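This report walks through one structure, part by part. Please keep the sequence and the 3D view open while you read.

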Amino acid sequence: MRILVTGGAGFIGSHLVEALVSRGYNVRVVDDLSTGRESNLEAVRDKIEFFKGDIRDPAVMIDAVKGVDVVYHLAAKINVEESYAKPDLYWEVNVLGTRLIVESMVRMGVKRLIFMSSAAVYGDPVYIPIDENHPVNPLNPYGETKLEGEEIIRRSIKRGEIQAVIVRLFNAYGPRQEGNPYAGVVQKFIERVSSGKPPIIFGDGLQSRDFIYVKDVVSGLLYILERVEDSMILNLGTGVETRIIDLARLILDLLGRSDLDPVFSDPRPGDVRRSVADIRRLRGLGWSPQYSLRDGLTDMLGLQVGE
Ligand SMILES: NC(=O)c1ccc[n+]([C@@H]2O[C@H](COP(=O)([O-])OP(=O)(O)OC[C@H]3O[C@@H](n4cnc5c(N)ncnc54)[C@H](O)[C@@H]3O)[C@@H](O)[C@H]2O)c1
């Protein structure tokens with residue numbers, strides 16, 4: 001089976017590509033390396049096809065989907081703050097790029113799509129945990145573009161053109177976010193504490209997130225590929241709510257720097273207050289996450305479990 005991964009040189013994409021290769025799939029990657037790195041694919045570079053190109057380019061996308069059975073669409077602009085500064089860029093890549101991928105698939109007769117959406121489409125929850133029927137109300141341009149991408153896919157499903165799973169991912173963390181100025185809070189805390197500086201918390205630290213280790217993200221995405229045949233929306237998270245202050249304390253503890261006290265700064269616009277996934281739908285299909293936050297961080301930091 002031949003699989004296209006857009007954004008396959010990125011943080012999550014490169015972990016997914018490695019897992020697909022090790023399971024014997026033929027993998028093609030399209031990535032413009034705007035935030036991704038070819039070095040992320042070092043371990044599998046001679047086993048995959050790599051197209052350096054932009055998902056907004058029709059010629060690139062027609063070539064990329066040719067002969068493919070399934071498309072994982074991960075390529076996107078992913079930073080909330082940047083999405084306020086560059087709304088047009090976010091619209092072009094996340095919405096028009098997604099539309100072009102769907103159009104290219106339809107034109108080339110490719111039927112299956114797994115689309116990486118985001119918990120950002122829900123906005124501030126009206127109830128917790130957030131299930132897939134929760135109303136959508138994105139609070140920032142990034143979330144709006146992800147929702148619009150979903151709409152494009154939903155319309156194509158309705159027309160009977162494609163079968164697609166829309167994956168609403170919560171907060172992923174793991175190796176390969178290093179050095180990315182737009183990396184998530186886990187990476188930022190680790191970088192600060194590793195260099196002897198206290199973590200900076202925006203707001204009071206009582207805001208919460210559902211942190212999922214990248215290995216669990218990949219296992220969820222593989223599970224969907226191999227076991228989910230119908231079109232549907234699926235949350236991908238752990239179902240565990242963690243406050244940012246507790247994340248900071250855990251990282252300080254794991255890095256042996258409990259002597260450092262977190263620093264508090266102004267809250268950021270467009271940040272939701274609480275976030276935790278209801279993952280019963282994906283659990284009901286037989287998948288479950290394997291890593292607690294402590295286990296995931298320990299694995300990420302290369303520490304011995306229980307040390
Ligand atoms: N990291 C998270 O916590 C998280 C949470 C929810 C959803 N997501 C979604 O997961 C996906 C992967 O995110 P990530 O965290 O690995 O980020 P990432 O920035 O590492 O990955 C995105 C990849 O897309 C590529 N890309 C961007 N614009 C492109 C374009 N125009 N043409 C071709 N390639 C392009 C980048 O070079 C990069 O390799 C994204 O769709 C993101 O919205 C991530």
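This is a predicted model: local features need pLDDT of at least 70, side-chain atom pairs count only at pLDDT 80 or more; totals for chains, interfaces and linings use all residues.

Domain 1 takes in 2–172 + 212–236, and domain 2 takes in 173–209 + 240–277 + 291–300. Their centres, taken over C-alpha atoms, are separated by 25 Å.

## The nonpolar core

The largest nonpolar core has 81 residues. Val-5, Val-71, Ile-114, Val-167 and Val-217 have the most contacts inside it. α7 provides the largest share of this core, six residues. Both domains take part: the core draws at least three residues from each of domain 1 and domain 2.

Take Ile-114 as an example. Which residues is Ile-114 in contact with, leaving aside neighbours within four places in sequence? They are Val-70, Tyr-72, Val-165, Val-167, Leu-221, Ile-224 and Leu-225.

## Helix α1

Helix α1 covers residues 11–22. At 1.5 Å a residue, its 12 residues should span 16 Å. The end C-alpha atoms are 18 Å apart, which agrees.

Is α1 largely enclosed or left open? Nine of its 12 residues are buried, so the rest of the structure largely encloses α1. The buried ones are Phe-11, Ile-12, Gly-13, Ser-14, His-15, Leu-16, Val-17, Glu-18 and Leu-20. They pack against β1 (2–6), β2 (26–31), β4 (70–73), β7 (171–173) and α7 (214–227). After α1 comes Gly-24, with a positive phi near 90 degrees.

## Helix α5

α5 has 18 residues. From first C-alpha to last, α5 reaches 26 Å, close to the 26 Å expected at 1.5 Å a residue. Its buried residues include Pro-141, Tyr-142, Gly-143, Leu-147 and Ile-153. Charged side chains are on the list too, among them Glu-144, Lys-146 and Glu-150.

The buried residues of α5 pack against α3, α4, β5 and β6 (163–169). Gly-160 follows the helix, and its phi is positive, near 75 degrees.

## The loop between β5 and α5

This loop holds Pro-129. A cis peptide bond joins Ile-128 and Pro-129, with omega about -5 degrees. Most peptide bonds are trans.

His-134 is found in the loop between β5 and α5 as well. It is buried, with 20 other C-beta atoms within 10 Å. Not counting residues up to four places away in sequence, His-134 touches Tyr-122, Pro-125 and Tyr-127. His-134 and Val-121 are 13 residues apart in sequence, and their C-alpha atoms are 9.9 Å apart in space.

## Two positive phi angles

Most residues other than glycine have a negative phi. Leu-33 is not a glycine, yet its phi is positive, about 60 degrees. Leu-33 sits in the loop between β2 and β3 (49–52).

Arg-176 is not a glycine either, and its phi is positive at about 90 degrees. Its place is the loop between β7 and α6 (185–194).

Are these two residues buried or partly exposed? Leu-33 is partly exposed, with 13 other C-beta atoms within 10 Å. Arg-176 has 21 C-beta neighbours inside 10 Å, so Arg-176 counts as buried.

Methods
Residues are numbered from 1 along each chain as its sequence is written. Helices (H or I, at least four residues) and strands (E, at least two) are DSSP runs, numbered from the N terminus. The expected span of a helix is 1.5 Å times one less than its number of residues. Two residues are in contact if their C-beta atoms, placed from the backbone, lie within 7 Å. Domain bounds come from an automatic or database domain assignment. A nonpolar core is a set of buried Ala, Val, Leu, Ile, Met, Phe, Trp, Tyr and Cys residues joined through C-beta atoms within 7 Å.
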